[in-house]
Amino acid sequence: MTIDTRAEVIRIGIVDDHPIFRDGLRRLLELEPDMVVVGDAENAVQAVAFAEVHRPDILLLDLAMPKISGLEALAATPEFTRTTRVIVLTAAIDTDDMVKVLMLGARGIVFKAAATAILIAAIRTVMAGRYWVVREAVSDVLGAIRDLQFGATQRRILRDFGLTHREREIIRL
């Protein structure tokens, strides 16, 4: 009996509006023995149809595209993240948008200026069920999430006029 020691192949889709970037990325990823690019799309509208047909394990989604951004695509099509793990590729992103893409179901954020090894590590990390956020941004993202939580708590306090649950109960009676 022989044992198959090959790793499971990671099926990847690429969505970016620049053809030369898609082609270069495809060539780099396919140098990895456990990765195969199952196709690509040039915009977010095509990405939805592509993801439904090809069902890649990982979808590398450009954040800044004409007409519909990657952020808008994630917001409009939450089914992306049910069957496919999304890693957002971006040249630049602010902390608020980082939090938004993660809340919309993206599993990772990689800067386009990052080394190929970083992207490969991000893909493998996300495939293992974990999240990938650039090290420099982790504290900013966590701070923004804390601020969101604090803001929700503050809105609830204002809505309740700062009264305790028991005080509101007495007023109702």
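**Figure 1. The largest nonpolar core of the predicted model.** The largest nonpolar core contains 23 residues, of which Val-15, Leu-74, Val-86, Val-88 and Val-101 touch the most other members; a nonpolar core is here a set of buried Ala, Val, Leu, Ile, Met, Phe, Trp, Tyr and Cys residues joined through side-chain atoms within 4.5 Å, and buried means under 20% relative accessible area, with exposed over 50% and partly exposed in between (1.4 Å probe, protein chains only). At least two residues of this core come from each of β2, α2 (44-54), β3, α3 (70-76), β4 and α5 (95-103), where helices (H or I, at least four residues) and strands (E, at least two) are DSSP runs numbered from the N terminus. A second, separate core has 17 residues, among them Ile-10, Leu-60, Ile-120 and Ile-123. In soluble globular proteins, nonpolar side chains tend to be buried together. Because the model is predicted, local features need pLDDT of at least 70 and side-chain atom pairs count only at pLDDT 80 or more, whereas totals for chains, interfaces and linings use all residues. Residues are numbered from 1 along each chain as its sequence is written, and side-chain values use heavy atoms, with hydrogens and water left out.

Figure 2. Leaving aside residues up to four places away in sequence, Val-15 touches Ala-41, Asn-43, Ala-44, Ala-47, Leu-59, Leu-60, Leu-61, Asp-62 and Met-65, a contact being heavy atoms within 4.5 Å. Ala-73 belongs to helix α3 and is buried, with a relative accessible area of 4%. Although Ala-73 and Ala-47 are 26 residues apart along the chain, their C-alpha atoms are separated by 8.5 Å.

Figure 3. Five strands form an open sheet in the order β2-β1-β3-β4-β5, with parallel pairing; two strands pair if DSSP finds at least two bridges between them. Since β2 (35-41) and β5 (108-111) stand at the edges with a single partner strand each, one side of each is left without a neighbour in the sheet. From one strand to the next the twist averages 25°, with axes taken as lines fitted to C-alpha atoms, for helices over the stretch in contact, and angles running from 0 to 180 degrees between N-to-C directions. Helix α1 (residues 19-29) lies across β1 (10-15), β2, β3 (58-62) and β4, and runs at about 170° to β2.

**Figure 4. Strand β3 and its partners.** Five of the five residues of β3 are buried, so this strand is largely enclosed by the rest of the structure. Ile-58, Leu-60 and Asp-62 point one way from β3, while Leu-59 and Leu-61 point the other way. Four bridges connect β3 with β1 in the parallel sense, and Leu-60 is the bridge partner of Ile-14. Between β3 and β4 there are five bridges, also in the parallel sense, and here Ile-58 stands opposite Arg-85 in β4.

**Figure 5. The β4-β5 pair and two charges over rings.** Strand β4 (residues 85-90) is joined to β5 by four bridges and runs parallel to it, with Leu-89 opposite Val-110 in β5. The charged end of Arg-107 sits over the ring of Tyr-131, 4.4 Å from its centre, and that of Lys-112 sits over the ring of Phe-21, 4.7 Å from its centre; a charge sits over a ring if NZ of Lys or CZ of Arg is within 6 Å of the ring centre and within 35 degrees of the ring normal.
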